[in-house]
Amino acid sequence: MGNPIQKIETSESSCPAPLLKDEISADFPTFWAIGNLGLLDTNLLGVFCSIRCPGNIILNTYDFMRILRDAGVAVVSGFHSPIETDCLDILLKSSQPIVACPARGIVRMRIPNTWKKPIDEGPLLILSPFGEKQKRPTVSTAQQRNHLVAKLGRSFLIPFAPSSRA
């Protein structure tokens, strides 16, 4: 993999403009990235999905991801929950821009094999505001990451209504 980890300070003039938004740079003064930073300049759609999701929502979500993939829509997400991971697998079958924001540091992160080619070829960027010491996702880092994803993209929340059955 030919893409080194880049450390980005929002206080530096070389920082990509989307990370300079007040609501982003105030909360996240430093980022680490692997891949094409130019993807941040695209019109990103933020995608979130709960870890608990009924089957009909899952099937509809897969169909929606195929529509996004076929239309070349740029997506940003944590791609952490099982359904988000499946969504990433669907999206990686095309070459639209994808920004993955793990809820942990990426300095020592093992890059999945399916991510390596898209990173090298340019349509996948891994972006994290968490340093080397944050080795595992936590509830707190997931909440912070979701805040970042919402600020980087127009958000699409996959609806979930708990069953009324007890």
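A polar contact is a pair of N or O atoms within 3.5 Å. The views below are drawn from a predicted model.

View 1. The side chains of Q96 and S94 are joined by a polar contact of 3.5 Å. Q96 counts as buried because its relative accessibility is 3%, and buried means under 20%. When residues up to four places away in sequence are not counted, Q96 touches R69, G72, V73, A74, L91 and P123.

**View 2. T141 in helix α5.** Helix α5 comprises residues 139–152 and contains T141. The relative accessibility of T141 is 4%, so this residue also counts as buried. At 2.7 Å, the side chain of T141 reaches the backbone oxygen of A103. With neighbours within four places in sequence left aside, the residues in contact with T141 are A103, F130, Q134 and R136.

**View 3. The largest nonpolar core, with W115 and I126.** This core has 27 residues, and W115 and I126 have the most contacts inside it. At least two residues of the core are supplied by each of β2 (30–35), β3 (45–48), α2 (55–71), α3 (82–91), β5 (98–100), α4 (113–121) and β6 (124–128). The largest share, five residues, comes from α3. Not counting residues up to four places away in sequence, I126 touches W32, A33, I34, A100, P102, I106, M109, I111, W115 and I119. Another core, of 21 residues, lies apart from the largest one and includes L19, L44, L127 and L152.

**View 4. Lining of the largest pocket.** The volume of this pocket is about 230 Å³. Its lining is formed by F48, C49, H80, S81, E84, P137, T138, V139, A142, Q143, R145 and N146. Helix α5 provides the largest share of the lining, five residues. By class, five of the lining residues are nonpolar, five are polar and two are charged.

**View 5. The second largest pocket, with G78, F79, H80, P102 and R104.** About 160 Å³ of space lies in this pocket. It is lined by 13 residues, of which G78, F79, H80, P102 and R104 are the closest to its centre. By class, the lining has eight nonpolar, three polar and two charged residues. H80 lines the largest pocket and is also among the residues that line the second largest pocket.

Definitions and conventions
Residues numbered from 1 in each chain as written. Predicted model: local features only at pLDDT ≥ 70, side-chain atom pairs only at ≥ 80, totals over all residues. Heavy atoms only, no water. Helix = DSSP H or I, 4+ residues; strand = E, 2+ residues; numbered from the N terminus. Buried < 20%, exposed > 50% of the residue type's maximum accessible area, 1.4 Å probe, protein only. Polar contact = N/O pair within 3.5 Å; in protein donor to acceptor, adjacent residues only side chain to side chain. Contact = heavy atoms within 4.5 Å. Core = buried A, V, L, I, M, F, W, Y, C linked by side-chain atoms within 4.5 Å. 1 Å grid on protein atoms, 1.4 Å probe; cavity = no way out; pocket = protein on both sides within 12 Å on 5 of 7 lines; lining within 4 Å. Points joined across faces, edges and corners; volume = space filled by probe spheres on them. Nonpolar A, V, L, I, M, F, W, Y, C, P; charged D, E, K, R; others polar.
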